[in-house]
Amino acid sequence: MKLIVITTPVPFAGEIPLVCQLLEMRLETLHVRKPEFSCQEMRDYLNEIPLPYHPRLMLHSHHELAQEYKLKGLHFPGTARAGAANMPKQHLLFSTSFHKLEELQQPQPLFDYAFLSPIFNSISKEGYEAAFTPAAVQEALKKATVPVVALGGIDTDNLAAVRELGFAGAAVLGAIWQAADPVKVFQELLWVVKSSC
């Protein structure tokens with residue numbers, strides 16, 4: 001099972017050093033989600049991350065920077081999914097987001113994986129509660145046309161359940177960025193992932 005970390009949408013004090021620590025600790029995929037960033041702000045952010053880590057970064061916006069920085073890939077939220085057809089894929093991975101189980105059954109030839117949310121009550125978004133029953137998720141995952149990554153409310157207490165449901169991976173946001181010790185939490189999440197393999 002893959003473990004993905006998503007950045008906070010707004011700048012976080014000490015974020016870049018923390019991001020570098022997580023990448024140094026073998027975080028394989030970091031989704032850079034900064035919806036308010038200008039193209040230059042995104043460049044500045046990427047420039048602060050050492051080059052060897054760029055192939056582990058997925059961009060949620062300013063997709064044109066992916067080739068310039070030799071990144072891992074691009075994320076297309078549901079509202080921008082159609083735009084993936086106009087992007088040169090080349091070596092890049094493409095991901096997208098789903099919020100309905102029936103979307104998982106639709107052919108997705110452009111995408112390498114997809115987020116499904118919210119699986120549990122969100123940690124970072126107040127009032128964003130689990131939208132599916134475990135039985136419905138398990139059934140939908142059996143018919144999914146693309147590997148599905150769980151998102152929403154995932155922490156060390158429920159990460160093992162994500163694998164049991166049949167997800168290909170888990171993406172975390174609030175569990176990391178709202179923790180008193182994000183590095184420790186990441187280590188614990190990584191341990192759960194490795195022990196469930």
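F76 has a relative accessible area of 2%, so this residue is buried (under 20% relative accessible area; exposed is over 50% and partly exposed in between, with a 1.4 Å probe and protein chains only). The model is predicted: local features need pLDDT of at least 70, side-chain atom pairs count only at pLDDT 80 or more, and totals for chains, interfaces and linings use all residues. Residues are numbered from 1 along each chain as its sequence is written, and side-chain values use heavy atoms, with hydrogens and water left out.

**Exercise 1.** Determine how the rings of F76 and F94 are arranged.

*Solution.* Step 1: rings of Phe, Tyr and Trp (its six-membered ring) pair if their centres lie within 6.5 Å; planes under 30 degrees apart count as stacked, over 60 as edge-to-face and the rest as tilted. By this rule there are five aromatic pairs.

Step 2: the centres of F76 and F94 are 5.0 Å apart and the planes stand at 65°, so the arrangement is edge-to-face.

Step 3: F76 belongs to strand β4 and F94 to strand β5, so their pairing ties together parts 18 residues apart in sequence. Strands (E, at least two residues) and helices (H or I, at least four) are DSSP runs, numbered from the N terminus.

Step 4: F94, at 1% relative accessibility, is buried. Ring pairs also link F76, F94 and F111 into a cluster.

**Exercise 2.** Identify the salt-bridge partner of K34 and state which parts the pair ties together.

*Solution.* Step 1: a salt bridge is a side-chain nitrogen of Lys or Arg within 4 Å of a carboxyl oxygen of Asp or Glu. The whole structure contains six salt bridges.

Step 2: the partner is E15, with the closest N and O atoms 2.8 Å apart.

Step 3: K34 lies in the loop between β2 (29-32) and α2 (39-47), while E15 is in helix α1 (residues 15-24), so the pair ties together parts 19 residues apart in sequence.

Step 4: K34 is buried at 0% relative accessibility, and E15 is buried at 4%.

**Exercise 3.** Describe the contacts of K89 with D112 and with F94.

*Solution.* Step 1: the side chains of K89 and D112 form a salt bridge, 2.9 Å from N to O.

Step 2: K89 is partly exposed at 26% relative accessibility, and D112 is partly exposed at 29%.

Step 3: the charged end of K89 sits over the ring of F94, 5.2 Å from its centre (NZ of Lys or CZ of Arg within 6 Å of the ring centre and within 35 degrees of the ring normal).
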